[in-house]
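Let's go through this model together and ask what stands behind each label. Here is the structure to keep in view as we talk.

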Amino acid sequence: MDKVETLAILNVIKISYPYFYKDLKDSEAENMLNVWAMMFENDNARIVVEAVKAVITSSKYPPNIADIKEKITLLTKDEGLTEMEAWGIVYKAICSSGYNSIENFEKLPVTLQKIIGSAKQLKEWAITENLNIQVVQSNFMRSYKVMQERNNLINKLPESCKNMINKGVDQLCLDVLNVTEKDL
């Protein structure tokens, strides 16, 4: 979303909540525009408009950035798998991993692979005689829920923050060293 689109959205909010913005100074309005433009620079303007409309229809108070981001997440969220659906996929892989653990592991979605850890784990679960499958299921589902919550939190972050997370600590340290070397 660009600055022009951001200004249009802020004008809709201002018109919808005139009492809250009646004493807004030009410098404050400019700062607000800059912050909103920065926070929504990677968002589709149409989705932001729909999120603003959703908030306006349900709130007596003007929305803040977090309110709009939350609505955007709600409007665009891919439901994905439920905990039980994810477990069903893993359980099926366990049942046929006595001899085919590597192939079964590689067929799993990346998120499920991260939770399980390795094909070796699938094989262990498959060949363990007295495996308490309810405990494995419970632990898996708890881990899946935590990972989904983490992903939801990460998805709400600005792109610059997501890039930092994706780069990892090692790359960030290298970036800092490069900047430091150039500046010296």
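Q: What makes Phe-140 and Tyr-144 separated by about one helical turn?
A: Phe-140 and Tyr-144 are four residues apart in helix α10, and that places about one helical turn between them. Helices here are DSSP runs of H or I with at least four residues, numbered from the N terminus.

Q: Before we go on, what kind of model is this?
A: This is a predicted model, where local features need pLDDT of at least 70 and side-chain atom pairs count only at pLDDT 80 or more, while totals for chains, interfaces and linings use all residues. Residues are numbered from 1 along each chain as its sequence is written, and side-chain values use heavy atoms, with hydrogens and water left out.

Q: Why is the pair of Phe-140 and Tyr-144 called stacked?
A: Rings of Phe, Tyr and Trp (its six-membered ring) pair if their centres lie within 6.5 Å; planes under 30 degrees apart count as stacked, over 60 as edge-to-face and the rest as tilted. The ring centres of Phe-140 and Tyr-144 are 6.1 Å apart and the planes stand at 20°, so the pair is stacked.

Q: How many aromatic pairs does this rule give?
A: The count comes to seven aromatic pairs. One of them joins Trp-87 and Phe-140, with centres 5.7 Å apart and planes at 50°, so this pair is tilted.

Q: Why does the pair of Trp-87 and Phe-140 tie together parts that are 53 residues apart in sequence?
A: Trp-87 lies in helix α6 (residues 83-95), whereas Phe-140 lies in helix α10 (residues 133-155), so the pair links parts 53 residues apart in sequence.

Q: Are Trp-87, Phe-140 and Tyr-144 buried or exposed?
A: Buried means under 20% relative accessible area, exposed over 50%, and partly exposed in between (1.4 Å probe, protein chains only). Trp-87 has 6% relative accessibility and so counts as buried. Phe-140, at 3%, is buried, and Tyr-144, at 4%, is buried too.

Q: Is Tyr-61 buried or exposed?
A: Tyr-61 has a relative accessible area of 54%, so this residue is exposed. Tyr-61 sits in the loop between α4 (45-58) and α5 (65-76). Ring pairs also link Tyr-61 with Tyr-17, Tyr-19 and Phe-20 into a cluster.

Q: What makes Asp-43 and Lys-69 a salt bridge?
A: A salt bridge is a side-chain nitrogen of Lys or Arg within 4 Å of a carboxyl oxygen of Asp or Glu. The closest N and O atoms of Asp-43 and Lys-69 are 2.6 Å apart, and the two form a salt bridge. Asp-43 lies in the loop between α3 (26-39) and α4, and Lys-69 in helix α5, so the pair ties together parts 26 residues apart in sequence. Both Asp-43 and Lys-69 are buried.

Q: How many salt bridges are there by this rule, and which residues do shared partners join into one network?
A: The count comes to three salt bridges. Arg-46 and Glu-50 form one, with their closest N and O atoms 2.8 Å apart. The side chains of Glu-50 and Lys-53 meet in another, at 3.3 Å from N to O. Salt bridges with shared partners therefore join Arg-46, Glu-50 and Lys-53 into one network.

Q: Which of Arg-46, Glu-50 and Lys-53 are exposed or partly exposed?
A: Arg-46 counts as exposed at 51% relative accessibility. Glu-50, with 26%, is partly exposed, and Lys-53, at 41%, also counts as partly exposed.

Q: Why are the buried residues of α1 said to line one face of the helix?
A: The buried residues in α1 are Thr-6, Ile-9, Leu-10 and Ile-13. Seen down the axis of α1, they fall within an arc of 100°, so they line one face. The arc is that of the directions from the helix axis to the C-beta atoms. Val-4 and Ile-15 are exposed, on the face of α1 turned away from its buried side.

How values were computed:
Helix = DSSP H or I, 4+ residues; strand = E, 2+ residues; numbered from the N terminus.
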